[in-house]
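I opened this entry to keep a record of what I looked up in one protein model, in the order in which I looked.

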Amino acid sequence: MSESAAEAQGADAAAVERAPAAAPKAKRGFFGRISGFFERIALFVRQVVAEIKKVTTPTRAELGKLVTVVLIFVTVFTAVVFVLDLGLGAAAAWLFG
């Protein structure tokens with residue numbers, strides 16, 4: 001059984017080695033490149049519209065909770081930066097004094 005498995009793996013490896021390389025893309029002329037450019041823009045716009053349709057607006061209660069969380073975070077982060085600034089300022093004053 002192991003010989004047949006090894007032969008199968010060898011056959012697979014040989015098939016991979018004989019597989020032709022990917023053919024290079026045909027060169028498109030100037031108008032082909034322009035057309036591709038506009039196709040990519042149209043695809044982008046379609047994807048943006050699809051994502052915008054998924055957006056939901058928060059309820060008044062959710063909005064209140066989110067505002068509260070943001071204000072608390074900003075207050076705590078401001079306090080941390082203030083304390084670090086005072087500490088590093090005092091350390092610099094002591095060091096360079």
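The notes below go from the overall fold to confidence, surface, rings and charges.

**Ground rules.** I am working with a predicted model, in which local features need pLDDT of at least 70 and side-chain atom pairs count only at pLDDT 80 or more, while totals for chains, interfaces and linings use all residues. Residues are numbered from 1 along each chain as its sequence is written, and side-chain values use heavy atoms, with hydrogens and water left out.

**Fold.** I looked up the elements, taking helices (H or I, at least four residues) and strands (E, at least two) as DSSP runs numbered from the N terminus. The protein has three helices and zero strands, in the order α-α-α from the N terminus.

**Confidence.** I then checked pLDDT, the predictor's confidence in each residue on a scale from 0 to 100. The average for the protein is 82, and 67% of the residues score at least 70.

**Surface.** How much of the protein is buried (under 20% relative accessible area, against over 50% for exposed and partly exposed in between, with a 1.4 Å probe and protein chains only)? I noted that buried residues make up 1% of the 97 residues. The accessible surface (Shrake-Rupley method, 1.4 Å probe) comes to about 9400 Å², and 71% of it belongs to carbon and sulfur atoms.

I also looked for patches, which are made of residues with over 30% relative accessible area and no salt bridge, like charges being joined within 9 Å and nonpolar side chains (Val, Leu, Ile, Met, Phe, Trp, Tyr) within 5 Å. A nonpolar patch with about 900 Å² of accessible area together includes Ile-34, Phe-37, Phe-38, Ile-41 and Val-55. Val-55 sits in the loop between helix H2 (30-54) and H3, and is exposed at 57% relative accessible area.

**Rings.** I counted rings of Phe, Tyr and Trp (its six-membered ring) as paired if their centres lie within 6.5 Å, with planes under 30 degrees apart stacked, over 60 edge-to-face and the rest tilted. The count comes to two aromatic pairs. Phe-37 and Phe-38 have ring centres 5.4 Å apart and planes at 70°, so this pair is edge-to-face. Phe-37 is partly exposed at 40%, whereas Phe-38 is exposed at 52%. For Phe-73 and Phe-77, the centres are 5.9 Å apart and the planes at 15°, so the pair is stacked. Both lie in helix H3 (residues 60-96), four residues or about one turn apart.

**Charges.** Which residue forms a salt bridge (a side-chain nitrogen of Lys or Arg within 4 Å of a carboxyl oxygen of Asp or Glu) with Glu-51? I found Lys-54, the closest N and O atoms being 3.2 Å apart, and the count comes to one salt bridge. Lys-54 and Glu-51 are three residues apart in helix H2, about one helical turn. Lys-54 is exposed at 59% relative accessibility, and Glu-51 is partly exposed at 47%.
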